[in-house]
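Here are some notes to go with the model you have open.

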Amino acid sequence: MAKITFIDPVTSLSGTLDEHSKIYYRTRNGRTHAYKINHPFAGEPSELQTTMRQSFGDRVRLAGEILRNSDQRKEWQKRYDAYLRKVNRHPASYPNPYSTLRGFIIATLNRQN
């Protein structure tokens, strides 16, 4: 089996290499994984799927705005730091903690709505 060692210009890889490829790449926690898609969904999304996708997109855009605004970023960084202190004190209570400020913001916005 081949072993790939990435150099500095490539720190993560996600998506497919071309539009006809059935191999999907994803980087999580610094490790790149490849998945083969055997039966991709080709139908139209339901109304609920469309609503969920739009609301997720809205939260992602809002998180981007927060991260670009220095005052809001500082406020959210304080919240994230407090969250990380809780995670470090009680790791069993947080089996899958948020590893990035962006992920924390999106999840918090999701819980608020």
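How far does α3 reach from its first C-alpha to its last, and what is expected at 1.5 Å a residue?

1. **Ground rules.** This is a predicted model, where local features need pLDDT of at least 70 and side-chain atom pairs count only at pLDDT 80 or more, while totals for chains, interfaces and linings use all residues. Numbering starts from 1 along each chain as its sequence is written, and side-chain values use heavy atoms, with hydrogens and water left out.

2. **The span of α3.** To settle the opening question: α3 has twelve residues and reaches 17 Å from first C-alpha to last, close to the 16 Å expected at 1.5 Å a residue. The expected span is 1.5 Å times one less than the number of residues in the helix. Helices here are DSSP runs (H or I, at least four residues), and strands are runs of E with at least two, both numbered from the N terminus.

3. **What α3 hides.** In α3, L101, F104, I105, I106, A107, T108 and L109 are buried (buried is under 20% relative accessible area, exposed is over 50%, and partly exposed is in between, with a 1.4 Å probe and protein chains only). These buried residues pack against α1 and α2 (70–89). By contrast, R111 is also in helix α3, but R111 is exposed, with a relative accessible area of 55%. The C-alpha atoms of R111 and Y94 are 17 residues apart along the chain and separated by 16 Å.

4. **α1 on its own.** Helix α1 (residues 47–68) has 22 residues and reaches 32 Å from its first C-alpha to its last, close to the 32 Å expected at 1.5 Å a residue. Its buried residues are S55, G57, R59, A63, G64, I66 and L67. Note that R59 is in that buried set. What covers the buried residues of α1 includes α2 and α3.

5. **α1 against α3.** Helix α1 and helix α3 (residues 101–112) pack at an angle of about 130°, with axes 9 Å apart. Axes are lines fitted to C-alpha atoms, for helices over the stretch in contact, and angles run from 0 to 180 degrees between N-to-C directions. The two helices are therefore oblique to each other (under 35 degrees counts as roughly parallel, over 145 as roughly antiparallel, 65 to 115 as roughly perpendicular, and the rest as oblique). On the α1 side the contact uses F56, R59, V60, L62, A63, G64, I66 and L67, and on the α3 side L101, R102, I105, I106, L109 and N110. Contact means heavy atoms within 4.5 Å. By class, that is ten nonpolar, two polar and two charged residues (Ala, Val, Leu, Ile, Met, Phe, Trp, Tyr, Cys and Pro count as nonpolar, Asp, Glu, Lys and Arg as charged, and the others, Gly among them, as polar).

6. **α1 against α2.** How are α1 and α2 angled, and how far apart are their axes? They pack at about 100°, with axes 5 Å apart, which makes α1 roughly perpendicular to α2. E65, I66, L67 and R68 in α1 meet S70, Q72, R73 and W76 in α2. This contact divides into three nonpolar, two polar and three charged residues.

7. **α2 against α3.** Here the angle is about 90° and the axes are 10 Å apart, so α2 is roughly perpendicular to α3. R73, W76, Q77, R79, Y80 and Y83 of α2 make the contact with L101, F104, I105, T108, L109 and Q112 of α3. The classes are seven nonpolar, three polar and two charged.

8. P97 lies in the loop between α2 and α3 and is partly exposed, with a relative accessible area of 36%. Leaving out residues up to four places away in sequence, P97 touches Y83 and V87. P97 and Y83 are 14 residues apart along the chain, and their C-alpha atoms are separated by 9.0 Å.

9. T27 belongs to strand β1 (residues 23–28). At 23% relative accessibility, T27 counts as partly exposed. T27 and G15 are twelve residues apart in sequence and 9.5 Å apart in space, C-alpha to C-alpha.
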